[in-house]
Structure formats: structure tokens, C-alpha cells
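Thanks for coming, everyone. Please bring up the model and keep it in view while I talk.

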Amino acid sequence: MAKTIDRQIISDLTGAGIDFVTSVPCKQLAGVIEVLNETPQILHVPSNKEDEGMGLCAGAYMGGSRPAIIMQNTALGVVVNTLATLIQFYQIPLPMLISYRGEVGEPVACQVEMALHTKAILNQLHIPTYHFHKASDVEELPGILSYTQMCSKPVAILTDATFWRTAQ
Amino acid sequence: MIRYEVLKTLLPVISDELVVCNIGSPSQELHALDDRATNFYMLGTMGLASSIGFGLALVQDKPVISIDGDGSVLTNLATLSTIANNPRDNFILLIIDNGSYGSTGDQATYAGKKTSLAAVATACGCENVVEVSAEETAQAVKEALAARRMTIIVSKCQSGNVQVPVITKNPIVIRERFMEAVRG
């Protein structure tokens with residue numbers, strides 16, 4: 001069941017002109033995806049894998065849309081080549097709303113393994129990275145979305161378990 | 001016929017259309033044959049020509065032809081289900097199926113053995129899938145454009161490449177002029 005925070009995030013996306021979103025689901029992002037499917041201003045095309053999704057986003061951008069991707073941090077293990085050779089090489093602005101699994105509050109031990117690499121991969125790729133931990137961190141989202149368009153880069157928004165637990 | 005010859009026969013059909021072309025030899029050969037602003041050349045990222053072209057077709061109405069290869073489609077096979085389940089009649093996926101990884105030394109792909117990409121596309125739910133010979137390919141693309149129905153074309157041709165220069169154009173130049181062509 002979607003919460004106010006989920007509606008807030010989607011409203012920030014539409015407010016920033018995002019009109020195309022692809023997603024690979026995560027439990028933490030289920031509410032956001034639920035609201036996404038009820039938002040006519042955004043064309044939501046789920047993808048099977050995040051590199052495929054980034055391909056869709058690159059095409060949508062070249063068609064005049066403003067894309068975003070919703071994914072789990074484990075997918076950073078999948079998309080390094082696509083980020084470097086497509087999104088960064090062709091300078092495509094791409095907000096990545098990422099569930100940051102494996103942080104405090106995580107019930108699944110295996111998720112910690114990719115959590116340990118998450119920020120290291122993003123740093124290695126020189127991707128601007130924002131970490132939402134407190135509920136109030138979401139207030140930065142409109143600024144981050146506008147910054148993404150300004151610099152034409154992929155930008156990561158990591159949202160951890162504490163954020164999702166405490167946000168209303 | 002090898003890929004280069006198939007591309008040559010395609011020129012009168014595709015030269016004014018939006019084309020997203022696969023990494024390596026396909027892009028290099030198309031670039032050498034007929035460089036146009038309406039061509040988006042992939043300089044990296046194997047496997048995503050289909051997805052990039054489809055993303056473009058999803059958000060605007062001009063026809064889009066993704067020229068992909070059998071090896072690249074095998075890399076990103078699941079996108080055939082994304083395409084099938086979100087059909088767009090302005091999208092044509094042309095798979096040049098020469099049964100080999102042409103850009104890396106013509107190593108065999110499974111598509112040249114037991115795996116039928118046309119059967120996979122059909123199983124994924126794509127409704128208009130045609131398998132044609134190299135010689136029939138240009139006519140098949142022409143008919144798909146005229147019918148304005150989303151079509152997956154598997155063009156069975158021979159393995160082999162011609163020696164053409166690598167593309168040294170700046171990626172931003174390729175993207176900007178392509179986007180201008182999309183808008184124009």
C-alpha cells in the first residue's frame with residue numbers, strides 16, 4: 001500500500017518533467033511503483049534487467065522525453081558498462097532512484113554484500129550520489145532532479161531501510 | 001550475401017528513416033556506406049541497439065529501425081518480451097543474423113546452431129515476426145514500414161565483414177545531430 005512518501009517522490013518526478021520511467025522492482029520501492037502505475041503523466045515501461053532499462057531510457061531521451069530509472073542497488077553490479085559507455089559517454093541525464101538494500105534494518109544477509117560495494121562503484125564511476133537516510137532527506141529530491149538535467153549525467157539517489165521505515 | 005551487402009541493399013529503404021545501429025562492424029559499415037544524421041551509431045554497450053531504438057519508438061511517432069545482430073540480441077534476449085508486451089507500430093527490429101560474432105573474429109553464436117531468434121521472438125509474444133533471406137531483407141523492411149506494424153525481421157545472411165574505418169566521430173556530435181533529426 002502506497003504511502004505519502006511514495007506519492008511525494010512521484011510528484012517530485014512529474015514536477016521535474018520526468019515523463020518516462022523504467023523499473024526493475026524492489027520490495028522497498030513497491031509503493032513508488034504502485035503510484036507510478038497510477039500516474040498518467042509518466043509512461044512506465046518495466047524492464048527485465050537494468051542495463052536494458054538504461055537502453056530504453058537513452059532512446060526515450062533522444063526522442064525528447066525526460067527519463068528516470070527505478071532499481072535496486074544490487075543492479076549496480078549489472079550496469080557498470082552501460083553507465084560508462086552509453087549514459088556517460090553520450091551524456092544522457094538519468095536520475096536513478098535506487099533502493100539501498102543491505103543497510104541497517106536489512107533482514108537478508110546476502111544484501112549486505114552488494115551494499116558494501118554500492119558507494120565504491122558509484123564513486124569509481126564519478127557518479128554524483130545522494131543518500132536518503134532520514135525522512136526529511138527527500139526534501140532534496142527536486143534539487144537533485146534539476147541538477148541531473150543541468151549536468152547531463154547519471155545521478156544516484158540511494159534510499160535506505162531507515163528512510164523507508166521512518167518516512168510517512 | 002554478407003552483412004555489408006545486406007546493408008547496401010537496405011540504403012534506398014532506410015536512408016531517410018531513424019536508424020539505431022549495433023556496436024562494432026554494423027555501425028562502422030553503415031557509417032562507411034551512408035553516414036547520415038538519422039543514424040545513431042552505438043560506439044559501445046553491446047546488446048542495447050534493440051532497447052535504445054525501442055525507447056525512442058515509445059516516446060515519438062516517427063518510424064524507428066533498430067539494426068541489431070544475432071550475438072547482440074542473444075546478449076539482451078529478454079528485451080524481446082519488453083518489446084512484445086508494449087507494442088509500438090513505429091518500431092522495426094531488424095536482426096542481421098549471420099550466426100556469428102562479426103566484430104570479434106566471426107566466432108559462432110548459438111543463433112547459427114540450434115537457437116531460432118524468430119521462434120524466441122514469437123515465444124516472447126511478438127506478433128509480426130518474419131525470417132527472410134539476405135536477398136529478401138530490403139523488401140521485408142520496406143513492407144514493414146509501409147504496413148506500419150511493429151515487426152521483427154530476422155535476416156539470415158552469411159558471416160563476414162568488410163574492412164572499414166572505425167568511427168571517430170564524437171559521441172555527443174552523433175547524439176546531438178541524431179536528436180535534431182528526430183525533431184526535424
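**A helix pair in chain A**

Let me start with two helices. In chain A, the axes of α1 (residues 4-15) and α6 (residues 141-151) come within 9 Å of each other and cross at roughly 35°. The crossing of α1(A) past α6(A) is right-handed. Which residues of α1(A) and α6(A) meet? From α1(A) we have A:Ile9, A:Asp12 and A:Gly15. From α6(A) come A:Leu141, A:Pro142 and A:Leu145. By class, that contact has four nonpolar residues, one polar and one charged.

One caution before going on. This is a predicted model.

**Chain A as a whole**

Now zoom out. Chain A has seven helices and six strands. From the N terminus, the order is α-β-α-β-α-β-α-β-α-β-α-β-α. The C-alpha trace spans about 40 × 35 × 30 Å along the principal axes of chain A.

How many of the residues of chain A count as buried? The figure is 49% of the 168. Then the contacts. Take the pairs in chain A that are at least 6 apart in sequence: 79% of those contacts join residues at least 24 apart.

**Chain B as a whole**

Over to chain B. Here we have eight helices and eight strands. Chain B has 184 residues, for which a compact globule would have a radius of gyration near 16 Å; the value for chain B is 15 Å, which agrees. Its C-alpha trace spans about 40 × 35 × 30 Å along the principal axes.

Buried residues are 48% of the 184 in chain B. For contacts between residues at least 6 apart in chain B, the share joining residues at least 24 apart is 69%.

**Where the chains touch**

Next, the contact between the chains. Chain B gives 27 residues and chain A gives 25. Three helices of chain B each supply at least two residues to its side: α3 (49-59), α5 (79-85) and α8 (171-183). Which of these supplies the largest share of that side? α3(B) does, with eight residues. What classes make up the side of chain B that touches chain A? There are 14 nonpolar residues, eleven polar and two charged.

**The nonpolar core**

A general point first. In soluble globular proteins, nonpolar side chains tend to be buried together. In this model, the largest nonpolar core has 103 residues. Those with the most contacts inside that core come from both chains. In chain A they are A:Ala58 and A:Met96. In chain B they are B:Cys21, B:Leu56, B:Leu94, B:Val141 and B:Ile153.

Look at B:Leu56. Leave out residues up to four places away in sequence. Across in chain A, B:Leu56 touches A:Gly59, A:Ala60, A:Met62 and A:Gly63. Within chain B, B:Leu56 touches B:Leu18, B:Val20 and B:Val64.

First, B:Ala121. It sits in helix α6 (residues 117-124) of chain B. Is B:Ala121 buried or exposed? Buried: it has 26 other C-beta atoms within 10 Å, and the cut-off for buried is 20 or more. Not counting residues up to four places away in sequence, B:Ala121 touches B:Leu80, B:Cys126, B:Val129 and B:Ile152. Now compare B:Ala121 with B:Val141. They are 20 residues apart in sequence and 17 Å apart in space, C-alpha to C-alpha.

Next, B:Arg148. It lies in the loop between α7 (137-147) and β8 (151-156) of chain B. B:Arg148 has 11 C-beta neighbours inside 10 Å; the exposed class runs to 12 or fewer, so B:Arg148 counts as exposed. The sequence separation from B:Asp89 is 59 residues, yet the C-alpha atoms of B:Arg148 and B:Asp89 are 5.5 Å apart. B:Arg148 is not a glycine, but its phi is positive, about 45°.

Last, B:Asp106. Where is B:Asp106 found? In the loop between β5 (100-101) and β6 (107-108) of chain B. B:Asp106 also has a positive phi, about 60°, although it is not a glycine. With 15 C-beta neighbours inside 10 Å, B:Asp106 counts as partly exposed.

That's my tour. Questions, please.

Note on methods
Residues are numbered from 1 along each chain as its sequence is written. Chains are lettered from A and ligands numbered from 1 in the order in which they are written. This is a predicted model: local features need pLDDT of at least 70, side-chain atom pairs count only at pLDDT 80 or more; totals for chains, interfaces and linings use all residues. Helices (H or I, at least four residues) and strands (E, at least two) are DSSP runs, numbered from the N terminus. The radius of gyration is taken over C-alpha atoms; the globule rule is 2.2 Å times the number of residues to the power 0.38. Two residues are in contact if their C-beta atoms, placed from the backbone, lie within 7 Å. Ala, Val, Leu, Ile, Met, Phe, Trp, Tyr, Cys and Pro count as nonpolar, Asp, Glu, Lys and Arg as charged, and the others, Gly among them, as polar. A nonpolar core is a set of buried Ala, Val, Leu, Ile, Met, Phe, Trp, Tyr and Cys residues joined through C-beta atoms within 7 Å. Axes are lines fitted to C-alpha atoms, for helices over the stretch in contact, and angles run from 0 to 180 degrees between N-to-C directions. A crossing is left-handed if the near helix is turned anticlockwise from the far one by less than a right angle, and right-handed if clockwise.
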